[in-house]
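Subject: Structure handover

Hello,

Please find the structure below.

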Amino acid sequence: MEEKPKITARDVNVFYGDNQALFGVGIDIPANNVTALIGPSGCGKSTFLRCINRMNDVIEGCSVRGNIHIDDANIYDAHLDVVELRARVGMVFQKPNPFPKSIYDNVAYGPRIHGQATSKADLDNIVEKSLRRAGLWEEVKDRLAAIGSGLSGGQQQRLCIARAIAVSPDVILMDEPCSALDPIATAIIEDLIEELRNKYTIVMVTHSMQQAARVSQKTAYFHLGKLVEFGNTSDIFTRPQFEQTEAYISGKIG
Amino acid sequence: MNNSLEQEDEMKFAATERYRAHLRKRHAAERRFKFYGRLAVATALLILATLLTSITYSSLPAFTHHNVLVDLEFTAEASAASGVYSAEELNDMNWSGLANKSLAKHFPDVESRRDRRAVASLLSMGAGDNIVEYVQSKSIRQGDVVELKLPVSDDFDLLVKGLIDRNLPESDRIVSDQKLAWIETLESEGRVSSQFAYALFQNGDSREPEMAGIKGAFVGTLWTMFITLLFSLPIGVMAAIYLQEIAPKNRLTDIVEVNINNLAAVPSIVFGLLGLAVFINFFHLPRSAPLVGGLVLALMTLPTIIIATRAALASVPPSIREAALGVGASRFQVIFHHVLPLALPGILTGTIIGLAQAAGETAPLLMIGMMAFIVDTPMDVTDKATVLPAQIYMWANNPERAFVARTSAGIVILLSFLITMNAAAIYLRKRYERRW
């Protein structure tokens, strides 16, 4: 841990009403790495992911205590603008959720509302670049006006990735991005994640241990709202420090 | 017994007779259920068809009216001094008298004053207007004889249409033997002809059935709906957006929500009382005006629009909101860029259904004076006006036989109006429905 971490969480507690979902989570997520959050259902990994771009804010009765810093800026600071935060921290969801608009408008929506592009040509440029980075450009360049939800599941998910990177974030959060996809589409997305890690810090929740092992450099194991173990993926999968972790990754519990 | 059970055990259960019997029963139950469902649908359709057919059938006589060809003799007192009629002459001359006198000449047996009055009752009170319309642009010299079709009275018309039985004894018949003889003479001379009843669509209300038209009430309904839409749509949609998307869920918003649902169940006459107390007595808005009627109906339509809009907003999948929030859209942008456009078909459908409901409403308008005999077509929202359902009710109350068909015709026109609105709702829904 010589490098300065990109995201630092300290003593994060999350409550849904009277229910506590996360207990004192502290973690240092390094830049330009893929960090996988694993653990059984209901362990709080998605909740933690959604703390990083404050998506929990919109959930009725949800409150977050603790500190999360991205590059020294406290994202739970009262003066922080959530809209600005979400422009810096993009998100890709479990189920592909393109807007019911054209492929072009899907990607251009973020840059448009943030006023990133100064001209039409500029916007075209951003759309093309984002679609290229998401590895979708060659497949859709001739039908940018077609509706986004007409694409296949894997293409839709890559469109959602293009939409997220169009606003040029630092961090991309992925909430089980491949759970609704077939193995071939999953492989394409995994290759894409590997490429994207050069430019972005990626935090992803996954239910697939193999996926975590394949694409991530760091792995965090959550259990019952607590962060049990965090370290290099290779260490976690070969020499887990805790019995719980070992039981989960070896398939004894889960 | 024991043996047979063991045997069943040996066989696959699905192959046993017991199982097959049970399966047959299950299928029979399903067929019965299907049959009952079809029976229910058929009954509903039959009732609807009966209703529509009977109303349409009894309205048919109102859509035509009979004319009689009269040889008008322009005597000295009915001719223009200058050859062309001045506005004053058109206004002052006794055109009905001319019509009646000319018609009387067709019957040699007309002698007494009473006979002449009887002849006069064969023609519509509006016959004079037809002559004015004809002579306006013509130059007519004294002594000219012009053949002109003039509308007959309602009784004459009903008799020719066969709605008054000619074979009844005179004492039971509205049309006397003398008039019947005259009408039969005119018929035998081929002077009686049928025509589309333009008056039904071109006129306002009248005491004379053959002159009464739906136009005033129709325009009144349009003005009223315009005001209703103007007030209920923006207020309803904004309230729904606030309640559904922005308001925190707490006791206060729960109370508001429950009361909006309660409001939808308030009897419509109560809204009329409210309108009378607030809009007329307190704000001194004009009585019988579409402005007040529209406001009252807007109050009545609000809960419908709010409930429909909230349902439409709630049906937009949360994944779309998350996607928009995820790229940094503000709450306002999420609503106006994504949620509202997707909810629009549902909102429009709810609004049109609410308006259609309001268009058929009479009770609240009763209280604010829109159930009134108004001849003129309203020119703006503060003119005195009535609406279609009120017009139908008033026609139904009139004693003249010819109003029976007029009433049915009014219903047919109101129903067509409502069906058009509902068809528009369905079209909008199909046209803008999006899949995600």
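Before the sheet is described, one term is needed: two strands pair if DSSP finds at least two bridges between them. Strands of a sheet pair through backbone hydrogen bonds, either parallel or antiparallel. Please also keep in mind that this is a predicted model.

The sheet in chain A

Chain A has an open sheet of 6 strands, in the order β6-β7-β8-β3-β9-β10, and its pairing is mixed. Its edge strands are β6 and β10 (226-232) of chain A, each of which pairs on one side only. On average, and with direction ignored, neighbouring strands of this sheet are turned by 15 degrees against each other.

One pair can be followed in detail. Strand β7 (residues 171-175) of chain A and strand β8 (residues 201-205) of chain A run parallel and are joined by 5 bridges. In β8(A), the residue that stands opposite Leu173(A) is Val203(A).

Helix α6 and Leu159(A)

Helix α6(A) lies across β6 and β7 of chain A and runs at about 170 degrees to β6(A). Leu159(A) is a residue of this helix, which covers residues 153-165 of chain A. Is Leu159(A) buried or exposed? Leu159(A) is buried, because 26 other C-beta atoms lie within 10 Å, and the cut-off for buried is 20 or more.

Which residues does Leu159(A) touch, leaving aside its neighbours within four places in sequence? Its contacts are Pro98(A), Ile103(A), Asn106(A), Leu136(A), Gly148(A) and Leu151(A). Asn97(A) is 62 residues from Leu159(A) along the chain, and the C-alpha atoms of the two are separated by 9.1 Å.

Where chains A and B touch

The contact between the chains takes 21 residues from chain A and 17 residues from chain B. On the side of chain A that touches chain B, the elements giving two or more residues are α2 (82-88), β6 (89-92), α3 (103-114) and α6 of chain A. The largest share of that side, 4 residues, comes from α3(A). By class, the side of chain A that touches chain B has 12 nonpolar, 5 polar and 4 charged residues. For the complex, the predictor gives an ipTM of 0.90 and a pTM of 0.83.

Chain B

In chain B, the domain assignment gives domain 1 (68-197) and domain 2 (215-432). Taken over C-alpha atoms, the centres of domain 1 of chain B and domain 2 of chain B are 47 Å apart. Chain B has a mean pLDDT of 90, with 97% of its residues at 70 or more. Where pLDDT is low, the predicted coordinates should not be read in detail.

Most residues other than glycine have a negative phi. Two residues with a positive value are worth a look.

Asn32(A) has a phi near 50 degrees. Asn32(A) is in the loop between β2 (19-29) and β3 (34-38) of chain A. Asn32(A) counts as partly exposed because it has 15 C-beta neighbours inside 10 Å.

Ser288(B) has a phi near 60 degrees. Where is Ser288(B) placed in chain B? Ser288(B) is in the loop between α12 (268-282) and α13 (290-314) of chain B. Ser288(B) is buried, because 21 other C-beta atoms lie within 10 Å.

Regards

How values were computed. Residues numbered from 1 in each chain as written. Chains lettered and ligands numbered in written order. Predicted model: local features only at pLDDT ≥ 70, side-chain atom pairs only at ≥ 80, totals over all residues. Buried ≥ 20, exposed ≤ 12 C-beta atoms within 10 Å, placed from the backbone. Contact = placed C-beta atoms within 7 Å. Nonpolar A, V, L, I, M, F, W, Y, C, P; charged D, E, K, R; others polar. Domains from an automatic or database assignment. Axes fitted to C-alpha atoms, helices over the stretch in contact; angles between N-to-C directions. pLDDT = per-residue confidence, 0-100.
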